[in-house]
Amino acid sequence: MKYYSTNHKAPLAALEEAVTHSLAPDRGLYMPERIAKMPDSFFAEIQDMTFQEIAFEVAKTFFAEDIKVSELKAIVADALTFDCPVVEVGKDIWSLELFHGPTLAFKDVGARFMARMLGHFVKNGSYTGAGKINVLVATSGDTGSAVANGFLDVDGVHVYVLYPKGKVSPMQESQFATLGRNITAIEVDGTFDDCQSLVKEAFADTGLNSKLMLTSANSINVARLLPQAFYYFNAYALMKKKGLADELVISVPSGNFGNITAGLIAKRMGLPIKRFIAANNANDVFLNYLNTSKYEPRPSIQTVANAMDVGAPSNFARVIDLYGGSHDAICSDISGAAYSDKQIMQAMACCLKRNDYLPDPHGACAWQALIDGIKPGEVGLFLETAHPAKFATIVERATNVRIDIPQRLAAFSTRQKLSIPMRADYNDFKHLLEADC
Ligand SMILES: *Cc1c(COP(=O)(O)O)cnc(C)c1O
């Protein structure tokens, strides 16, 4: 299968090229040329299949033309070593828990899958023998931990995680800055936006790019984006088994809109989701687009749900592309909601009190959007994208409840930090990469 650019000014690319370059030469995002419907027989049996079986069937429709089926099966099995269960939270309100992976956030699914697919192409693709591939990723916390842990010890791939000094929590930092081996953490004396600019500049530097073979593990990369469709199918299967899948509304806490884009692609593949809600924090450019049909990106605002602090969602171009640019069509599938920090804090406390269920700040946003937006006869599912312990300080402040830190998280914090300090300067970054690679 070929991939086209959302800017339509670049040649079609093979999967390998889309994965190893992330962005098309015209700076557009890659989209699969065909989004095939899953067969009726698949939906007839889906409720009796495991997460891994469902993921494999969906993965085949995307990738089987480009990766041998036996190899693809191994990639799925290696990546998905945990489940994504649904939990009843209140009347007609369910949580899809996506935080049972190694770094306790939903990004584990896409990061682990992409790591294995990139590892496959390094071994079997046209890159064989051409040296290693270098993954650059800027993070404000969660992306860095999922990507670093997902790519740890993948042969032929080196990861550079850029993060702003003093602006990620010590617990998050410990998850990507203590690993070593093929993971280099770079502590940038600057902001998250500085980190992102450095990465963007490196991608735009064609000389450096062809020498070092740079790619991104953000949700702009199709190998991280598409596997996120797996858990939407699985959630449908779990709800169908309970007889609750007929009028399903899914609320997605959204930042770069990679998660919800995967859901929209699943719907396009025939998954019977009635509609989606995009839940935002104070960074509400998407809600604004729904209300006015104007897309006006802005600098991001810092909030208590910081993985959604995005002022120019990178996957917006894909949402537009999926609906052929029709604002009406987008509005008929997706509604929006946005909450202030105060409302998010109240939502955490309220959900705990009403339902004895403690969401993290991102999940709380999506829960509140369901409570406010669900209609009679509908069943709501919100995506709980991180374990609340990842945001312990905020969650404790909101609820006055002390939360236990799971062993898996606590184990990181005893390890030694191995970051390289760096100024927010492109020449310094370039020299570091050239000396290191
Ligand atoms: C990354 C992240 C989000 C936002 O996901 P997008 O795909 O960027 O929209 C939401 N919640 C958590 C916990 C995250 O880490």
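**Strand pairing and packing**

Tutor: Start at Lys 2, which has Ala 14 of S2 standing opposite. This is a predicted model, where local features need pLDDT of at least 70 and side-chain atom pairs count only at pLDDT 80 or more, while totals for chains, interfaces and linings use all residues. Residues are numbered from 1 along each chain as its sequence is written, and side-chain values use heavy atoms, with hydrogens and water left out.

Now the labels. Helices (H or I, at least four residues) and strands (E, at least two) are DSSP runs, numbered from the N terminus. Two strands pair if DSSP finds at least two bridges between them. Strands of a sheet pair through backbone hydrogen bonds, either parallel or antiparallel.

Strand S1 (residues 2-5) runs antiparallel to strand S2 (residues 13-14), and two bridges join them. S1 also pairs with S3, again in the antiparallel sense, over three bridges. There, Tyr 3 stands opposite Pro 32 in S3.

Next, the open sheet. Six strands make it, in the order S4-S5-S13-S10-S11-S12, with mixed pairing. Its edges are strand S4 (86-90) and strand S12 (334-338), each pairing on one side only. On average, neighbouring strands are turned by 25 degrees against each other, direction ignored. Look at one edge. Strand S11 (residues 275-280) and S12 run parallel, joined by five bridges. Asn 280 is placed opposite Ala 338 in S12.

Then come the helices on the sheet. Axes are lines fitted to C-alpha atoms, for helices over the stretch in contact, and angles run from 0 to 180 degrees between N-to-C directions. Contact means heavy atoms within 4.5 Å. Helix H11 (residues 230-241) lies across S4, strand S5 (93-97), strand S10 (248-253), S11 and strand S13 (379-384), at about 140 degrees to S13. Helix H13 (residues 285-292) lies across S11 and S12, at about 130 degrees to S12.

H11 has a helix partner too. H11 and helix H12 (residues 258-268) pack at about 60 degrees, with their axes 8 Å apart. So H11 is oblique to H12. The cut-offs: under 35 degrees is roughly parallel, over 145 roughly antiparallel, 65 to 115 roughly perpendicular, and the rest oblique. The crossing of H11 and H12 is right-handed. A crossing is right-handed if the near helix is turned clockwise from the far one by less than a right angle, left-handed if anticlockwise. Tyr 231, Tyr 232 and Phe 233 of H11 touch Asn 259, Ile 260, Ala 262, Gly 263 and Ala 266 of H12. By class, this contact has six nonpolar, two polar and no charged residues. Here Ala, Val, Leu, Ile, Met, Phe, Trp, Tyr, Cys and Pro count as nonpolar, Asp, Glu, Lys and Arg as charged, and the others, Gly among them, as polar.

Finally, a look at charge. Side chains of opposite charge can pair when their charged atoms come close. A salt bridge is a side-chain nitrogen of Lys or Arg within 4 Å of a carboxyl oxygen of Asp or Glu. The count by this rule is 16 salt bridges. One joins Arg 34 and Glu 65, at 3.2 Å from N to O. Arg 34 sits in the loop between strand S3 (30-32) and helix H2 (40-45), and Glu 65 in the loop between helix H3 (51-63) and helix H4 (69-79), so the pair ties together parts that are 31 residues apart in sequence.
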